[in-house]
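Me: I have a structure open and want to go through it piece by piece. Can you take my questions as they come?

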Amino acid sequence: MIDQLATTMADLEEAMVLKLVQQRLDTGEDPMMILTSCREGMVLVGKRFEAGEYWVSDLMMAGEIFKQVSGLLSSRLKTDAIGKLGKVVIGTVKGDIHDIGKDIVVSLLNAANYDVRDLGVDVPPQKVIDVVKETGATIVGLSGLLTVAFDSMKETVAALAAAGLRPKVKVMIGGGSVSEKVQHYTGADAWGTNAQSAVSLCNQWIKEVAR
Amino acid sequence: MNNEALFQERLTRIKKVINLEPVDQIPVIYMGAAFAPRYMGMSMAEYCADPEAPMNVTLATMNKLGGFDGINAAMAGRLTPILPALWLSRVAVPGRDLPPDSLYQVQEAEVMTPADYDVIINKGWQAFLDSYLPKVADLVELEEAQNWLKKNMPRAIAPYREHGYVAITANPVTTPFEYFCGGRSMAKFFADLYRMPDKVQAAMDVVLPDLIAQGISGARMAGMMGIWVGGWRTASALIAPKLWNRFVWPYFVKIVNALLEAGLTPVLHLDQDWTRDLARLRELPEKKCIMNPDGMTNMKKFRELVSDRMAMMGDVPSSMFAAGTPEDIYNYVRDLVSLFDCRGLILCPGCDAPINTKPENMEAFIAASHEYGKVA
């Protein structure tokens, strides 16, 4: 049974969400419990998107609200006591500076309790390799709007293989013009054209690893 | 047959398609703004710097490849100085901000603020632009580029016709939504639609007449039969229905009706996925517009819901031109022709053939279009 904050979050009622968060903080409640409620709301948002009840604009608005809640809670959270589901390294590939799609994915993955390292835009393959090695991330997300990004994605996947990291990481690609054909072209493991599918993929992969 | 007679024959054929009449050959239309310079060995920096380059290199590409009846959006003049005025965003330019042979890219950021809606509502669109454009555009370059167009159109695109090609559009018009989305940045603008819908709508209502007037003026200046009506962030897949019904569709309808009243053919260049709302296209006057999707909208649904009222120009996906094979292209064109049963169809790259289009894929597109598109 989810609480009022989670429901309000799922209904995208921004003002009410912020009011409820503040009220619960004022009563001295553990900020982690408040964050958990909001995450439950975000899970509902994702389910509504998958059911065709919500659209990209709703996902983005949910991300905006969640970002504000995170801002309110961040100074009160000593550490994120709940273990993260997994580590994801993500970026818009070299030659492409579009970040909107990537940013939505980052926002939703954060809300879904992933440890996300956002490398920004125009990211060279070596940077991805360096950060995967540094973080031990098991998932890499490569974003790109332009078709020129396909070659950069391919280079990045090849570079991960050359560095011996390919067996350890799953690679997902996303962006307006990606497709199954582009996935095969780049050598990635999966593709998606919306942010929620990235969250679903990560959840699926993390479950597979846990088995 | 001389080129003028060829032009007239092709124009007649295209008009028949728009009117959903049978044709002997499905028209094949070029679209590939950045493919042309790459194909002809010209750097993007040169393409963006020289106002004569887009027409010259595009025409050379069409002539070299052969087999085209016309061009979707006739390239002429310098695009990159003008783009900031269309997107309300800064643009990274090859040779200046990017390597010389890379693609220009819109640098979308939150430059426009919620307070700017008030400026628009209280002072008007032009007053807003006067204060805003210096933040995203090089005004000297912008004015030069605009003056070049005023001085040189339609002379600059006349060579298309002289070579027998039909240029369908040469200038864009779009909804206030797209302008605001570019200026505010997508995440902030979408949030505005939830947070301050009345204010956004009031600003849109102020802007719309100016955008329509500007679009009609540009099309008349170029002497075009059609006008490119753009939609990218307004796609159905991106926006909740209650927002789309309020902030997108009514503005499209007003724009299309105004263009039709001005005697122009609206080419609905609708990127991304519009499948959810395809039936709404039936609200537009029949046999007057061209739907021009990019490969993401479901064409089976279009065929089922709209093709008895509107022609379709497209929609071989840009990703297929870049990452696919000639066989992929052949199969896609074959299936498209089969789906439309040779009626109400113009074959064209969806959105456009991108900079990294494989030449063999473009050649396959032309060959397949002629092979499968021959009706009689």
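**A residue, the fold and some helix pairs**

Reply: B:Ala36 counts as buried, because it has 28 C-beta neighbours inside 10 Å. Buried takes 20 or more other C-beta atoms within 10 Å of the residue's own, exposed 12 or fewer, and partly exposed lies in between, with C-beta atoms placed from the backbone. The model is predicted, so local features need pLDDT of at least 70 and side-chain atom pairs count only at pLDDT 80 or more, while totals for chains, interfaces and linings use all residues. Residues are numbered from 1 along each chain as its sequence is written, and chains are lettered from A and ligands numbered from 1 in the order in which they are written.

Me: Where is B:Ala36 found, and what does B:Ala36 touch?

Reply: B:Ala36 is in helix α2 of chain B, residues 35–39. Helices (H or I, at least four residues) and strands (E, at least two) are DSSP runs, numbered from the N terminus. Not counting residues up to four places away in sequence, B:Ala36 touches B:Val57, B:Thr58 and B:Thr61. Contact is defined by C-beta atoms, placed from the backbone, that lie within 7 Å.

Me: What is B:Gln272 in contact with?

Reply: Leaving aside neighbours within four places in sequence, B:Gln272 is in contact with A:Gly176, B:Trp232, B:Ala235, B:Ala237, B:Leu238 and B:Met296. B:Thr297 is 25 residues from B:Gln272 along the chain, and their C-alpha atoms are separated by 6.7 Å.

Me: A:Gly176 is on that list. How many residues of chain B are in contact with chain A?

Reply: 28 residues of chain B are in contact with 25 residues of chain A. On the chain B side, β4 (105–107), α11 (186–195) and α16 (318–323) each supply at least two residues. α11(B) gives the most, with seven residues.

Me: How do the residues on that side of chain B divide?

Reply: They divide into 18 nonpolar, eight polar and two charged. Nonpolar covers Ala, Val, Leu, Ile, Met, Phe, Trp, Tyr, Cys and Pro; charged covers Asp, Glu, Lys and Arg; the others, Gly among them, are polar.

Me: Step back to chain B overall. How many helices and strands?

Reply: Chain B has 18 helices and eleven strands. Its C-alpha atoms fill a box of roughly 60 × 45 × 35 Å along the principal axes. Buried residues make up 55% of its 376 residues.

Me: Now helix packing. How do α12 and α14 of chain B cross?

Reply: The axes of α12(B) (residues 197–222) and α14(B) (residues 249–261) come within 10 Å and cross at roughly 30°. Axes are lines fitted to C-alpha atoms, for helices over the stretch in contact, and angles run from 0 to 180 degrees between N-to-C directions. The two helices are therefore roughly parallel to each other. Angles under 35 degrees count as roughly parallel, over 145 as roughly antiparallel, 65 to 115 as roughly perpendicular and the rest as oblique.

Me: Which residues meet there?

Reply: B:Met204, B:Leu208, B:Ile212, B:Gly215 and B:Ile216 in α12(B) meet B:Tyr251, B:Lys254, B:Ile255, B:Ala258 and B:Leu259 in α14(B). By class that contact has eight nonpolar, one polar and one charged residues.

Me: And α6 with α7 in chain A, at what angle?

Reply: α6(A) (residues 125–135) and α7(A) (residues 149–162) cross at roughly 45°, with axes that come within 9 Å. They are therefore oblique to each other.

Key. Two residues are in contact if their C-beta atoms, placed from the backbone, lie within 7 Å.
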